Amino acid sequence: MLRDRSTLALAIVMVALVVAGPFLPAWLRFVGTVALANALAVLGLLLLIRTGLVSFGQGLYYCIGGYAAGVGGKDLGLTDAFALLALGIVASGIISAILGLLLCRYREIFFAMFSMAFSMILYGLLSKSQKLGSTDGFNVVTPTFLGYAPDGANVKVWVFGLAVVLAFGVGIVLHQHLRSGMGYASEAVRDNEIRVEYLGVSAQYVVWWKYVLAAVLAALGGGIQALASGHVGPEMAYWTTSGEFVFIALLGGTAHVGAIISAAVIFEFIKTWVTQISPYTWQMFLGIVLLVIIMFLPKGLWSLLARMRRAS
Amino acid sequence: MSTGNTILEAKGLSKSFGAVTAAKDINILVHEGEIVGVIGSNGAGKTTFINMVTGYLKPTTGTITFRGSDITGLLPRQVVRTGVCRSFQVSQLFRELTVLEHMLIAIGMMRAHRLSWLAPLHTPEHERHAREMLARYTIEQHAGAVVSTLPQGVRKLLDIAMATVAEPALLLLDEPTSGVAIEEKFPLMQTVMGQIVASKAACLFVEHDMEIVEGYAHRVIAFYEGRVLADGPVKDVLANDEVRKYVIGSEIHREKEKA
Amino acid sequence: MQTLIAIVVDGVIYASWLFIVAAGLTLVYGVMRILNLAHGSLYAIGAYAGASAVVWYFARNYPVAGSYALLVIAAIVSGALVGLLVERGLLRLMYGRDEVVMVLVTYGVLLILEDAIKLVFGVEAYTAFQPYEKMGRTSIGGMTFATYDLALVAVSIVVALALWWGVNRTKQGKLLLAVIADREMATALGINVTRVFIVTFVIGSVLGALAGALTAPAIAVAPGLGVEVIVLAFAVVVTGGLGSIEGALVGALIIGIARAAAVHLWPQVELFVIYGVMALVLAVRPQGLFARAGARKI
């Protein structure tokens, strides 16, 4: 498996980041953790986009993952990071399996809008739920790691390490998956469902599975985000969150998992910088960049890289 | 020639869309290894018939029996698993993928019971098989090309090649030569029919060119306004008065319009 | 009986508002095949324009009656201006792209407009309640309702009639129908599609802004207003059938009354009822009530 150059590169960067983790300045580590949490959600979205589906509602599962980790600590007394993340995986898996039955029948703008509607329902519910802190959300417990409880600032180092291993680990597995039978099935469904049906495969089955997987990855990202920031709130399900995931996917391009992870990191740094110098123009900035990408770089930054490599 | 056992029996098939009747009481038998030409003007019900047999449309009434089991109302993905495959009038391909990837996907989907989640689709063994199929259909030299860049003839051949991956017992070809340049029609049919005869599959093909029908069919079925107008040996059907008036007459008219 | 009256009247009031927003969205989709996510922003822009105009107006102690006209004028001016700007400045460069790409484009527009609104109008809430309060209340069957809300129903009926007349009885409207039915054919027949698109988008935008301006006196106009609206309007439009104006009307009535029933009988499920009705309709007719199902010909 390591003979594949992409896999090798991902593995090397993963190890390097884990090793570097303790030595990074705290702010950088935090931005990096959030970026990788987003990367997990966008890696899920990548599966959908390669199937030809744009979801404006991945925030739904991102939020479910975050709240599951929060509730697990607050109401179930759990502190183990893996258990908290597992709760999110189970919750998102069950909910997406059910919603997926409805959504796998829809494509294009219907899929985009229905997924957005579902996440807005959750946002509405959480905003009104007194028990879960309504619009303010609530704080998440300090996690432990399989019985080990790091002290003070070290917790964040561990969360960062966990984020790196998960994001790059998922990246490596997905890179493999994209070239498998089910991976190609996505592109086949995107390009021509009739042909897929006449090759004996149900297009809805493919879409359903990709939807559930994308949901679980978004929940994983949401869980990491909750552990990193120590707080969850309903804005995790708001349309802007889902919109940022779509933005990252378009920014990087869907040709390679590396494009997604890089784009998530670039995005988080630019966000940190822009929101500091001008807090009220961040969305406008996003909107303008989005339009520029659609007009001039429809396959994302990765295509630029590929073009440069070919030229040299 | 039609000496084998019956493999497909369509009995009393009709299909209506609201007030429009697209097919009316169609009864057709196809025997093992038989090659049947289907003629008829546009809107005569030929494609509707293929769509019903392969599950794209559910017949309003009637039954379809394939090798003794009832396949009426099955979905396309279930029908192809029983051994009935088809090609399309407008080739149904994956516009952003290469020719080789098409064959790999077809092999992966039709041959495997379950698609792999991690094991690569592109294995040396699959590639060998895919290239061999492409070679048989004379399009191996295009293996690396993205289909949206290829001429119609190559796309049609790829469309048919994908339909034969499952080694069907019955192959339905919907206008295999439509959209193909006139001088390429005969070579294309030569390639396709050579493969089908070699595989011993039965084949039913829709065709507007009477020379091609005469050249390859053992039997001809003529459709007119959703009904079967005539069904029998090639010479008899093509000489039938009604067929000459309603079907062949309009085909000659069509040719003139094109010229 | 009281509850029933309340459900029907509240439902119709809510439906009127929904219809005005949804009509703009569905018209633009029907003609241009663009699902305009920025429609919600036009709603917000209309609300801000209306509210700030009313605030300015009452600060000068002008007679109340004029404020209603002012709301409508503010909506038409702001909607037409922004609509024209978006269509000419951006969308026309993108025509012919995939429907999903167009959604992403209008998503970009939404992001830009949301911040532009904050830059122009600030982040503080606007209250312009005078037009609402001054109309007083009217009693129906022993229950009182805000007269302003009832007037909204009348306005909505006028909008519906005007749209019906405009589409079915004018030359421009017939061109519109031709484009909806078959765009390629319409172009081949020499219809100026560019002009049809501009007119459609401006009308759609004005409808969005109008709904916003007319709601402004009843609410606190604050950031984030537009997005909930677009999701709701989408639910109405798909229930009725995407691209159909009759569909938007029927969809708005069904969802409006269902929501009112929930509010009065079982308030906890209000949010679900809207999407529940939508899901129910789509389960039976996946293409919505008034749209034709399109199967691919092979």
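User: Is C:N61 buried or exposed?

Analyst: Burial is read from relative accessible area: buried means under 20%, exposed over 50%, and partly exposed in between (1.4 Å probe, protein chains only). C:N61 has a relative accessible area of 69%, so C:N61 is exposed. This is a predicted model, where local features need pLDDT of at least 70 and side-chain atom pairs count only at pLDDT 80 or more, while totals for chains, interfaces and linings use all residues. Residues are numbered from 1 along each chain as its sequence is written, chains are lettered from A and ligands numbered from 1 in the order in which they are written, and side-chain values use heavy atoms, without hydrogens and water.

User: What is the phi of C:N61?

Analyst: Phi is near 55 degrees, a positive value in a residue other than glycine. B:E175 also has a positive phi, about 50 degrees, and is not a glycine either.

User: Is B:E175 buried or exposed?

Analyst: B:E175 counts as buried because its relative accessibility is 6%.

User: How many residues does the largest nonpolar core have?

Analyst: A nonpolar core is a set of buried Ala, Val, Leu, Ile, Met, Phe, Trp, Tyr and Cys residues joined through side-chain atoms within 4.5 Å. The largest one here has 277 residues, and A:F56 and B:F205 have the most contacts inside it.

User: Which residues is A:F56 in contact with?

Analyst: Contact means heavy atoms within 4.5 Å. Setting aside neighbours within four places in sequence, the contacts of A:F56 include A:M116, A:V246, C:L37 and C:Y107.
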